[in-house]
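Dear colleague,

Here is the structure I am handing over to you, and I would ask you to keep it open while you read the notes that follow.

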Amino acid sequence: MGSTAFERHVHEDPHYPIIFHANNLSSARNDFMTHWHDSPELLYFYSGSGVITLNTEQIRAGIGDVVVINSSVLHTVRSLTPSCSYYCLIADRAYCEELGFEVGDTLLHNVVRDPEVSACFERIVRETQQQALYYKAAVRSAVTELLLLLFRRYVSERSPSSRKEHGKMEMVRQAIAFLRQHYQEEIAVEDLCELTGFSKYYFCRSFKEVTGLTAVEYRNILRCEQARRLILEGKAVGEAAELTGFHNLSYFSKVYQKHMGTLPSRNLRSI
């Protein structure tokens with residue numbers, strides 16, 4: 001599998017291997033693509049509610065809930081209310097393991113409702129927003145305390161996925177990796193079946209089960225996201241369409257409106 005198969009995190013400061021930011025999702029637009037990464041991810045909901053798909057399992061979360069996305073789990077988030085907001089915390093896997101937390105070999109509970117865990121998140125929010133002297137040290141301290149609470153109290157007793165389930169997830173990961181690298185090309189479902197070594201029926205059913213999309217829809221969303229970036233950078237709509245694999249402008253506009261919620265020309269006027 002190539003490196004494009006997962007979300008790669010780059011830390012500008014090697015002494016601060018932590019990503020922290022707020023996300024806002026709208027139920028009217030779902031452009032949160034299924035992906036995965038080596039590092040664990042924690043979501044802290046502070047507005048609305050959402051459904052998080054973890055491999056093939058769906059869980060719901062609302063205000064005050066902390067959602068744990070374990071290492072290498074395929075995941076996506078969708079808003080259940082008109083909009084939902086949450087803080088996203090990703091601590092680099094190597095950093096976690098240096099602290100003694102084996103994030104790759106340990107499953108944590110997916111939903112945590114714990115005042116002390118929430119308090120750690122609130123400290124991280126304050127320190128990140130205020131950026132007072134030594135705030136990075138304060139955030140690292142809060143992250144360590146947060147991980148300590150999770151690993152002491154919320155290690156899951158669930159058994160690892162069956163071999164069949166593991167094979168399904170690897171198949172989907174491999175297909176996603178290929179689509180992300182070759183989205184401009186004309187890729188038939190049969191090509192993905194040949195790549196992964198599974199029948200068309202099994203591949204299509206499993207891909208839709210895991211991602212909520214067909215392989216064609218997934219590729220088209222990748223194309224539309226890239227086209228939007230090109231348009232916002234100043235490319236003409238037709239040129240952006242051609243560069244991302246759409247060779248029919250009418251079809252591009254139709255697909256773009258379906259997945260992005262607006263016509264591509266509206267993005268052009270917003271530049």
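**Rings and their surroundings**

Phe20 is buried, with a relative accessible area of 15%, where buried means under 20% relative accessible area, exposed means over 50%, and partly exposed lies in between (1.4 Å probe, protein chains only). Please bear in mind that this is a predicted model, in which local features need pLDDT of at least 70 and side-chain atom pairs count only at pLDDT 80 or more, while totals for chains, interfaces and linings use all residues. Residues are numbered from 1 along each chain as its sequence is written, and side-chain values use heavy atoms, with hydrogens and water left out.

The structure holds 13 aromatic pairs, a term for rings of Phe, Tyr and Trp (its six-membered ring) whose centres lie within 6.5 Å, with planes under 30 degrees apart called stacked, over 60 edge-to-face and the rest tilted. One of them is the stacked pair of Phe20 and Tyr87, with 5.5 Å from centre to centre and 10° between the planes. This pair links distant parts of the chain, since Phe20 is in strand β1 (residues 18–26) and Tyr87 is in strand β7 (residues 83–91), 67 residues apart; helices (H or I, at least four residues) and strands (E, at least two) are DSSP runs, numbered from the N terminus. Tyr87 is buried as well, at a relative accessible area of 14%.

Another pair, Phe246 with Phe252, is tilted, with 5.0 Å between the centres and 50° between the planes. Phe246 is buried at 2% relative accessibility, and Phe252 is buried at 0%.

Which residue lies over the face of Phe246? That residue is Arg223, at 5.2 Å from the ring centre. The charged end of Arg173 likewise sits over the ring of Trp36, 5.5 Å from its centre, where a charge sits over a ring if NZ of Lys or CZ of Arg is within 6 Å of the ring centre and within 35 degrees of the ring normal.

**Helices**

In helix α5 (residues 189–196), the buried residues are Val189, Leu192, Cys193 and Thr196. Seen down the axis of α5, these buried residues fall within an arc of 100°, so they line one face of the helix; the arc is that of the directions from the helix axis to the C-beta atoms.

Helix α7 (residues 215–232) packs with helix α9 (residues 249–260) at an angle of about 95°, with their axes 10 Å apart. This makes α7 roughly perpendicular to α9, a label for angles of 65 to 115 degrees, whereas those under 35 count as roughly parallel, those over 145 as roughly antiparallel and the rest as oblique. The axes are lines fitted to C-alpha atoms, for helices over the stretch in contact, and angles run from 0 to 180 degrees between N-to-C directions.

**Loops**

Ser156 is found in the loop between α3 (135–153) and α4 (163–182), and Ser156 is buried, with a relative accessible area of 13%. Leaving aside its neighbours within four places in sequence, Ser156 is in contact (heavy atoms within 4.5 Å) with Leu107, Leu108 and His109.

Asn55, in the loop between β3 (50–54) and β4 (57–61), has a positive phi of about 55° although it is not a glycine.
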